[in-house]
Structure formats: C-alpha cells, structure tokens
Amino acid sequence: MKLTLRVWRQRAADTEGAMSTYEVDDISPDMSFLEMLDTLNEDLILRGEDPVAFDHDCREGICGACSLVINGDAHGPERTTTCQLHMRSFADGDTIDVEPWRASAFPVIKDLVVDRSAFDRIIQAGGYITAPTGSAPEAHATAVPKPDADLAFEHAECIGCGACVAACPNGAAMLFTSAKVNHLNVLPQGAPERETRVLDMVARMDEEGFGGCTLAGECATACPKGIPLVSITHMNKEWLRATRKAGKR
Amino acid sequence: MSTSSAYADYTTGDPVVDTKAPEGPIAERWDKRRFEAKLVNPANRRKHTVIVVGTGLAGGSAGATLAEQGYHVVQFCYQDSPRRAHSIAAQGGINAAKNYRNDGDSVHRLFYDTVKGGDFRARESNVHRLAQISVEIIDQCVAQGVPFAREYGGLLDTRSFGGVQVSRTFYARGQTGQQLLLGAYQALSRQIAAGNVEMHPRTEMLDLIVVDGRARGIVARDLITGKIDTYFADAVVLASGGYGNVFYLSTNAMNSNATAVWRAHRRGALFANPCFTQIHPTCIPRTGDHQSKLTLMSESLRNDGRIWVPKAKGDQRPPHEIPEDERDYYLERIYPSFGNLVPRDIASRAAKNVCDEGRGVGPGGQGVYLDFADAIERMGRAAVEAKYGNLFDMYQRITDEDPYRIPMRIYPAVHYTMGGLWVDYDLQTTVPGLFAIGEANFSDHGANRLGASALMQGLADGYFVLPATINDYLARHPRQDEVGPEHPLVQEVLAETEDRLHLLLAVDGDRTPDSFHRELGELMWEFCGMARTEGGLRKALERIPQIREEFWRRIKVPGTGEEFNQSLEKANRIVDYLELAELMCLDALHRAESCGGHFREESQTPDGEAEREDDTFSYAAAWEFTGTGTAPVLHKEDLVFEYVHPTQRSYA
C-alpha cells in the first residue's frame, strides 16, 4: 500500500505546531498502525529528519499508552486501541490525518505525545480502596454476588488511554472517572469510602480543567474497552446520593 | 577491543555461600527470618528514603507498602503513568495455594510444583516462602477491590494452568495482570496523594550510585526535558522487570529494557542465570519483517484448546480438510497424563520440533494449530466465548481470521526471563542496600517459570517480602553521611552517563537504533533461543562484539539530549543489550546441560527431553562484571535440595 500521511508536528509544549505531509510506501495490510509509523520513522532518521514522537508501549491493547486521533477519530476507524488497528482498515492511496489527543487538560508534550497526568491525579483523589498491606481479611470472608463482581469488572477494564476525553466535544473526563467510581462503589469492599470517593474524584476532575458533560455519548463510542455510557448516569446517581448524605450530616 | 574467545575464558571465583536463608524446617524459615530481622522504629521510618525503580506488580506494591509503613519513597517509571507498567499485559492468572477446590492443593504442593517446574534450579527456601505468601496475596487483592472471576455463589473461581494438576489459578477474565496492577497502582496513588511517595513518571534510571560500597542513589533522565539528575536514598529497590527485549521480538512492551539491572550489574551486583529465558508456547506467529513485537495469548487457552499439526510433512491443505486420523495431537500423544497442559518449556520445544520436521502450518511453516472445535462442541460457543472471548477477539483483530471457525495458529515467543540480579533470601543483591524484586531478580523460578507464577512472585516480593527484609538493612545501617550531588563519586557517575549519551548523538552514522536491535535479536533467537549448541553459542560470542563495534561506528541518533528524544532512549538501551547478550550466550555456553528453558542439544535423553547434569550444574551461576567485553568471573551458589529431590521431570 502507498499512503499519504498528514501528521501533527510540534517540537515542544511551548512551540507552535502544524500538520506535515509524508508519503509512505510498501505498507503491508498486516502491519499495525504503529508499525506503519515505525516505517516512516526509520525513513525519517536515515534522511536526517526528526522522527515522529508518539506514545506506545505494550502494543497489545492493554497499557493504554497509545493515543492517536486518526482521521478525526480517537484510535481511528475501528473500536480498538491504535496499536491494535491494522492497515487493512485503510485502502491503498488513502490520505490519513494523524493528530494527538486534543483537550485542554491534556497538553501536547511533543508531536503526538500528550500529558495525561490529570488522570493520575483523579485516581489519587479517591480512586482506591483503603486496604493497607497485611490488613486484609480472608478472601472468602465476604461473598460478592457474581452480577456485582461482573459489573465491577466491566468498569475496571478501563485502560486510562484518554480516548473518551479526546472524542468528547467538551473534553470531559466523565467516562474515565465514572468507570473507576463504579468499579469500586459496586463492591462491598468499596462501600466505606463510597461517598467521599465520588465527591473527591469529581471535584478533582473539575479542577483539572476537563469540560462539562452534556451526554453527547462520543466517549462511549470511542472507548476501546466498551465502557458503557450508562456508567456516567450511575456516577451521577452516586454523586447526588453522596451530596444529599453530606448535606444531612 | 577484546575478542570473543577472551570473553569466553571466564574464571571461577569464590562461591556464594551465605544466602541468609535461616536454618531449620523449611516451613518455619520465613517466620524465623521475620522475627530475627531488626525493625525500624515507626517514628524513625520517615527519616529514611527508599528509591523504587519501576511500578509494575513488584514495584507498585513495594512502593505502596513501604510508604504505608512510614518510609519516604521516591519512585520512578519510564511510562507516562505508573499504571502502564508491563505487568498490565499479563493475562492468565495468579496462583495461590488456597485449596478452595478441595482438590488436594497445599502450600507444600505449590512449593513442590514450582521447584519441579523450575527443573531444580531454584533455591528451596525462597520458593517455599513464595508458596506460603501466595494465600495472603489473594486476600490483599480482594480487599483492594480486584474484581476476580467469581462463581454464582459469590465465591472466587479458579482454573488450572500448565505444569500442575490442581486448580489454583485465580483470574479476572483474560486481564488478571491489569486488574492486579491497577490494585497496586491505586494503593500507590493513595500514598502519592498522602505525600508519602514522590512519583517521577517519564523518568528513566540510567545508572546506580554506589558510595562506600553501598547503594545510595541513582542517575535518572527526565524523558521530557532530557535533564539528567541524581537522586539519593538509604536503599535502592530495582523492580524494573526482565530483559526479554534483548531478542528484539518478544512479548514484552516495546520500552521494557534492561538498563537498570545491567547498570547495577556493572556497579557490582552479580547477575545470575542470564541464559534462563522462557519461550512461551502460545503466541501469535509473526507476519513479516515489519513485526515490532509479538503478542501472547494466555496459556489458559491450553485448558480447552487442542494443539495439533498434520501428520504428513508439507501438508498444504486448510485445516478443516485434514481428517482426524491425519492429524497429530502431538502433546497428547507424547505426554498423555498432562497432555496440552505440559509446562511452557516442553510445549514450546515440542512445537519447534514439529516445525523443524516440516510439519508446521501457516506462513513459513512457523506455526501449529490450537483448535477449539472440540471445546465448542462440548461446551457450546457461548461458554467458550465467556471464558476466552477477549483472547479470541484479540487473535481475530491481529490475524483477520475467526478462531471460532478456523483453528488458531500459534508459535513460541520470548516471554519472560528467569535470570536476573542475584539476590539473597532478603532479596538483597551483592551490593549492600540494593534490592531487586519481581522479574528483575533471579530468585524463585529456577530454569523455567510455571504459568501464573510471575504475578504471584511480583506481588509476594513487593507486598510482603521486601517490606519485611528491608527494615533489617535500614535498622542495621543507620543514616550515614549525607551523599549529595557534589560528592566526587556522584559527579563521576553523572559524567559517565552524560558522556555516553553525548557519544550516541555524536556518532551520526548511517544505521538506525532499530536496525541494530533487530540484528542482535535475530542472532540471539537463532543461537540463544529455544535450542542451543556449543558451536552456535561460540558463533554468537564472536559476532556480538563485532555488532557492538559497528554500533559505535555507525549509529545514527537524531536530535539532541536536551529534549524528548525517543531515538536516544532506544539507542541507549541497545548499548546495554549489546553487553547483556554476550553474558547470556556465555552463561548458556558454560552450562553444558539442558534444564528448563535452557535446552542444549548436546544434552538430551534418547526421547529428546532435557537432560540435566545435577552432579556438575546444580548451582546458580552468578556472574561478576569485569569490563565491557572482558571475561567475567563466575561465582557459584550451590543448590541444596532437602525437600524436593531432583528427578528427571516427567509429564508423561
């Protein structure tokens, strides 16, 4: 396959960026999208040009590092991560636009690499269960109904890639935050911190400069792990419940 | 420049005698060690700083636990977030001797299985402790909210894994590593928020600072600004993972690397059993030269999938046209009692053998079938989907073939490294104050790791072992003189690191970092991969210094050191691979026996099984660095088996 790439190039956080055009040839449909970019980078290095910087690591769809907007879609045309997108999803002769996540809470570091540390700070605000090592009761002391365990798992699958934010017209982080709130709040182990968790995480999310949610639903469409939109509704319910409870105290 | 033959002329130094493992009945040793270990008064702990490098299962759990105990932790990861460490990719599960199934499991059986699975090249005391701690890990993870798979009654589900006959593997669909890592990451996040952990993401350790014979800090580079800085502590913990990426193609993450352990080795830490690498049997075969990494599929697939190749060589028919009696279910044939569930090393080698015979399938004949047709007929498609759905999806996405209809094609790939920094019972290396945990050490798996045991070991080391043993070191070594950036030794280490990076940028040659990495990887796969021979290893030992020499002549790294520069990161890691690879080949050459993942063609039984030479090689080989390309010194730790008596492993 022969392709034309239009790639966002930005030397550093504080410099202006622009789209640059590159041609790549001999692309196999079996290559992953990132392997196609590897090919481009090998050429650029040998030509004495700066290769395109992009985040990537496991290349099997689980670490959440890769983060490209491809032809306007977070992670591209298939419902998967960029690293699991293969060139067979494109046609010979295509022109492909490659951009970084676009959100004010995710500033660009270089080219296609953005700073997603705001996500870490949302987790630090309450996305955990306080269970210091050594304090745990026997694992079977509390049975967890299978539907609850399965529901917790469904939300725990979030890989923290940030596609939800990139896809959202408002740059909101509701799907990410709700995934963690629901994972932990649905479990009996998470019950003691149920209210503080949702209140603190949502407050942190707002402080980080993510946009407000208007239930546009783009997040759930872009999510490579299929976190459902209803997750946000559940979190809103948890938040209202916690707010009412806090008011009573 | 020294030649390979000079490198191969290693000398043998003093044996490693003191492993610090207590004497007495094995089941009491861990209690005994914990009781004898000195403690640090809780009020004094905050005065101690501990550096932890890496945030995978071992590093994440260690950082969180040390901070909970009151230590000041300074932690590093090269990823943009501690949540992305490669432990996240582990799929299958985590072993624990809970015996919830009432199927005859026990701590002793897990201990026995692990020593036997490791082909009698692990230290009994450590392995027994691992088995003991396994049960606490599950409790800890459940308390953190790890959503393990459960039965309808609400209790935890388990499954069986390769090399064992009990069902002791706890799992969270095909994403167990992810869920366990997020548990540790969340515990770590809590400590970061509390101000007890100072977290440095996108920061890579480039050297170790040793002052007066003790590990006192590290040199690390901020990957965003390129700034190289020094960090100081009372102890340093390396949890930086394994070195499988020496092979270029492996199931490791692209940026997983050996720099932290290799630089520690250069500063005096012995490196043990570097040739013990695990080739995982169930990976997706490569499709072409563009391949950048290999993808593993959980070996839990072997619970229900049946592995086969055509009986006839060069049979080009599609799988559904090959009748049942023309198929060779070779694992079931050769190993009737374990069948498709033999340990990884055996399954991988068997796949290689049938492919070498010309019976492999798929492109280049480098593959075997993993067939779920019988499972789908027996359990129904829905049940197979519930159990393995995400793995099937992943396979389909990568290969564009539907595994519900067409048997999967699999081939072995480098997956895990059992070797690593030598550590004693306390997980301390030979550099006082330097500890190594998780895959970074050599400790528990001998010559072959059993499935679902890496997660167990990472969390055992991080949550329970290190936090108990590091107290003893810190209590016995109260704060000494402050070591700061102006210390002449520190200046020297820093200058060495800066010079190395400058040199990489200055060569301005005509070959990319990847081209060297690929060349080295192909060489290692051919001569130090699934089957090794004296001749092949000697060839590799001759070739590696040549590649190294060419590297420093022709490497091209664009950009500067004072910016985000992924090519520079890569090139600097390859510098270390080019040295470590040499030690791996030498270790493989010196160990003229077959054991576990190390198969020397010269040493096999008439049936083609690995033949150990216990009289000669029942030891861990701990190597001492003497200089790039110069012969290292071998220190042997004799392995004593008091409880599990070495026998020829039999899975027939």
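1. Domain bounds here come from an automatic or database domain assignment. With that in mind, welcome to this predicted model. Chain A splits into domain 1 (3–110) and domain 2 (117–248), and the centres of these two domains of chain A, taken over C-alpha atoms, are separated by 29 Å. Where they meet, domain 1 of chain A brings 18 residues into contact with 16 residues of domain 2 of chain A. The side belonging to domain 1 of chain A consists of 8 nonpolar, 7 polar and 3 charged residues.

2. Chain B has domain 1 (11–276 + 418–476), domain 2 (280–415) and domain 3 (485–616) in its assignment. Between domain 1 of chain B and domain 2 of chain B, the centres over C-alpha atoms are 32 Å apart. Their contact draws 20 residues from domain 1 of chain B and 26 residues from domain 2 of chain B. On the domain 1 side of this contact in chain B, you will find 5 nonpolar, 13 polar and 2 charged residues.

3. Next, the place where the chains meet. How many residues does the contact take from chain A and from chain B? Chain A gives 65 residues and chain B gives 62 residues. Several elements of chain A each supply two or more residues to its side: α1 (33–46), β6 (108–110), α2 (117–124), α3 (146–156) and α5 (174–185). Of these, α1(A) gives the most, with 6 residues. By class, the chain A side that touches chain B has 31 nonpolar, 18 polar and 16 charged residues.

4. Strand β13(B) is joined to β17 (residues 408–417) of chain B by 5 bridges in the antiparallel sense.

5. Which residues of α14(B) are buried? They are B:Val493, B:Leu501 and B:Leu504. These residues lie on the same side of α14(B) because they cover an arc of only 65 degrees around the axis. Their cover includes β8 (203–211), β9 (214–222) and α17 (566–590) of chain B.

6. Now turn to the other face of that helix. Turned away from the buried side of α14(B) are exposed residues, among them B:Pro488, B:Glu492, B:Asp499 and B:His502. Just after α14(B) comes B:Asp508, with a positive phi of about 50 degrees.

7. Two loop residues of chain B also deserve a look. B:Asp119, in the loop between α5 (107–117) and α6 (124–144) of chain B, has a positive phi of about 55 degrees without being a glycine. Is B:Asp119 buried or exposed? B:Asp119 counts as buried because it has 26 C-beta neighbours inside 10 Å, where the cut-off is 20 or more.

8. B:Leu427 sits in the loop between β18 (420–421) and β19 (434–436) of chain B. B:Leu427 is not a glycine either, yet has a positive phi of about 70 degrees. With 26 other C-beta atoms within 10 Å, B:Leu427 is buried.

Definitions and conventions. Residues numbered from 1 in each chain as written. Chains lettered and ligands numbered in written order. Predicted model: local features only at pLDDT ≥ 70, side-chain atom pairs only at ≥ 80, totals over all residues. Contact = placed C-beta atoms within 7 Å. Nonpolar A, V, L, I, M, F, W, Y, C, P; charged D, E, K, R; others polar. Pairing = 2+ DSSP bridges. Helix = DSSP H or I, 4+ residues; strand = E, 2+ residues; numbered from the N terminus. Buried ≥ 20, exposed ≤ 12 C-beta atoms within 10 Å, placed from the backbone. Arc of directions from axis to C-beta.
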